[in-house]
Amino acid sequence: MANEADGDELVDACADEDSIADHRRGPRRRGDALTAAIFDATLAELAEVGYAELTMERVAGRAKASKGSLYRRWSNRAELVVDAMHHARPHHIEPPDTGNVREDLLGYLRAVADLLNGADGEAARGLMVESVRDPELMNVVRSRFTDPGIAMVLDVLRRGAVRGEVRPTALTHRIASVGPGLIRQQYMVYGAPIPDEVVLELVDDILMPLISL
């Protein structure tokens, strides 16, 4: 009986290996085609199981790629998810230019909230948690996502200063980081969805008094 059980386990293990090795049965993909398939599989896994359950093995199986092809490009799942998210949205959220600093800030922060409320929100939360333990990943997340967002808010404030809506001394990296930072904090503590009244309070009760003349 023990031998039969061992045989069943061996059959199951082989079946698992076959499911991951499906890439050998199809046409061989290289370069951009393979990378795109891996990114699509990563985003599909995020939507299906979330960041916590995502593994390189699951992504490889869904992409019909070898696990080695993933590890040759990314050393861990966090780096893979960063690149997949950047691939899905290569252009950062652009703030509106309405001619009114309050409306521009509302438009931008609402877009950030919508992004976190959507399918990418779980991935973003996972990256935030992972980056606390991984300084190298934190640098990647900061350079790809955090700093560009702060730079966009700073551009909004500069336009407001030219129109006389924003005090010149408010044109600092620290002040520009307040809005995006509080949106991230809201998401990390309370999760999704981020209510629109939170965004309104953030702009009207915190940002506008902070930047006004």
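Q: Is V129 buried, partly exposed or exposed, and at what relative accessibility?
A: Buried means under 20% relative accessible area, exposed over 50%, and partly exposed in between (1.4 Å probe, protein chains only). At 36% relative accessibility, V129 counts as partly exposed. Bear in mind that this is a predicted model, where local features need pLDDT of at least 70, side-chain atom pairs count only at pLDDT 80 or more, and totals for chains, interfaces and linings use all residues. Residues are numbered from 1 along each chain as its sequence is written, and side-chain values use heavy atoms, with hydrogens and water left out.

Q: Where does V129 sit?
A: Helices here are DSSP runs (H or I, at least four residues), numbered from the N terminus. V129 belongs to helix α7 (residues 120-133).

Q: How do I read a nonpolar core, and which residues touch the most other members of the largest one?
A: Think of a set of buried Ala, Val, Leu, Ile, Met, Phe, Trp, Tyr and Cys residues joined through side-chain atoms within 4.5 Å. The largest nonpolar core has 29 residues, and V101, L105, L109, L116, L157, I183 and I211 touch the most other members. Two or more residues each come from α6 (101-117), α7, α8 (135-162), α9 (173-176), α10 and α11 (196-211). The largest share, eight residues, is from α6. There's also a second, separate core of 24 residues, which includes L34, A65, W74 and V141.

Q: Which residues of α3 are buried, and what covers them?
A: In α3 (56-63), the buried ones are M56, V59, A60 and A63. Look down the helix axis: these residues fall within an arc of 100 degrees, so they line one face of the helix. That arc is taken from the directions from the helix axis to the C-beta atoms. Their cover includes α2 (31-53), α4 and α5 (77-88).

Q: What is the phi of K64, and where is this residue found?
A: Most residues other than glycine have a negative phi, and most peptide bonds are trans. K64 has a positive phi of about 55 degrees although it is not a glycine. Look for K64 in the loop between α3 and α4 (67-71). With a relative accessible area of 45%, K64 is partly exposed.

Q: What kind of peptide bond joins A192 and P193?
A: A cis one, with omega about 0 degrees. P193 lies in the loop between α10 and α11.

Methods: Contact = heavy atoms within 4.5 Å.
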